[in-house]
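Please read the following points with the structure open beside you, and check each one against the model as you go.

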Amino acid sequence: MKKQRQSLGELLIVGFGGGIGGSLRYLLSLIPIIGYLPLMTVTINWLGAFLLALFGAYLTKNSSQLTRWQPFIGTGIIGGFTTFSTMILQFNQLLRNNLQVAWLYIILTVFGGILMVRLGQKVGRTV
């Protein structure tokens, strides 16, 4: 019974965080797009990769009381903020129109995301 209450509590916390993250993503999506490349999705996913890595590295270093924030911040806010499915949908749309731009988009997203994770981990360890 106690485990079920804890799971329900975490579900609500993750849902609340996801609402915050999704709302932030929506607000950023209102910024006008210039050109063919969906740069806002790239930016959102890079920022999410950076923040999740920073948060993870910081928690690893200071895990005493902060681990209870992981479901809210990591799974909820950052998980609701980033958008893999939108990236894949946009990639498929770009493939139909411009093969080079589509692959540039994927390369920028993936390799930029890897760089952001490394940067986030470095910052998270030093904070």
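1. Overall make-up. Please keep in mind throughout that this is a predicted model. The secondary structure of the chain comes to six helices and zero strands, so that, read from the N terminus on, the order of the elements is α-α-α-α-α-α. The C-alpha trace of the chain spans about 55 × 35 × 25 Å along its principal axes, and of the 127 residues in the chain, 29% are buried.

2. The ring pair of tryptophan 69. Three aromatic pairs are counted in this model. In one of them, the rings of tryptophan 69 and phenylalanine 72 have centres 6.0 Å apart and planes at 65°, and the pair is called edge-to-face because angles over 60 degrees fall in that class.

3. A ring pair between two helices. Phenylalanine 91 and tryptophan 103 form another edge-to-face pair, with 5.0 Å from centre to centre and 75° between the planes. This pair links distant parts of the chain, since phenylalanine 91 belongs to helix H5 and tryptophan 103 to helix H6, and the two residues are twelve residues apart. Phenylalanine 91 is buried, with a relative accessible area of 10%, while tryptophan 103 counts as partly exposed at 43% relative accessibility.

4. The nonpolar core. Which residues make up the largest nonpolar core? This core has nine residues, namely Leu37, Val42, Met87, Phe91, Leu94, Val101, Ala102, Tyr105 and Ile106. Helix H5, which covers residues 84-97, and helix H6 each supply at least two residues of the core, and the largest share, four residues, comes from H6. As general background, nonpolar side chains in soluble globular proteins tend to be buried together.

5. Leucine 94 and leucine 59 are 35 residues apart in sequence, and their C-alpha atoms are 38 Å apart in space.

6. The contact of H2 with H6. How do the axes of helix H2 and helix H6 cross? The axes of helix H2, residues 39-61, and helix H6, residues 99-126, come within 7 Å and cross at roughly 30°. Because angles under 35 degrees count as roughly parallel, H2 is roughly parallel to H6. H2 passes H6 in a right-handed crossing, and the residues of this contact divide into 14 nonpolar, eight polar and two charged.

7. Residues of helix H4. Glutamine 70 has its place in helix H4, which covers residues 70-81, and it is partly exposed, with a relative accessible area of 33%. Its C-alpha atom is separated by 39 Å from that of asparagine 98, which lies 28 residues away along the chain. Isoleucine 73 also lies in helix H4 and counts as partly exposed at 24% relative accessibility. The C-alpha atoms of isoleucine 73 and serine 85, twelve residues apart along the chain, are separated by 20 Å.

8. A residue of helix H1. Is leucine 8 buried or partly exposed? Leucine 8, which lies in helix H1, residues 2-29, counts as partly exposed, because its relative accessibility is 48% and residues count as exposed over 50%. Along the chain leucine 8 and phenylalanine 84 are 76 residues apart, and their C-alpha atoms are separated by 26 Å.

How values were computed
Residues are numbered from 1 along each chain as its sequence is written. This is a predicted model: local features need pLDDT of at least 70, side-chain atom pairs count only at pLDDT 80 or more; totals for chains, interfaces and linings use all residues. Side-chain values use heavy atoms; hydrogens and water are left out. Axes are lines fitted to C-alpha atoms, for helices over the stretch in contact, and angles run from 0 to 180 degrees between N-to-C directions. Angles under 35 degrees count as roughly parallel, over 145 as roughly antiparallel, 65 to 115 as roughly perpendicular and the rest as oblique. A crossing is left-handed if the near helix is turned anticlockwise from the far one by less than a right angle, and right-handed if clockwise. Ala, Val, Leu, Ile, Met, Phe, Trp, Tyr, Cys and Pro count as nonpolar, Asp, Glu, Lys and Arg as charged, and the others, Gly among them, as polar. A nonpolar core is a set of buried Ala, Val, Leu, Ile, Met, Phe, Trp, Tyr and Cys residues joined through side-chain atoms within 4.5 Å. Buried means under 20% relative accessible area, exposed over 50%, partly exposed in between (1.4 Å probe, protein chains only). Rings of Phe, Tyr and Trp (its six-membered ring) pair if their centres lie within 6.5 Å; planes under 30 degrees apart count as stacked, over 60 as edge-to-face and the rest as tilted.
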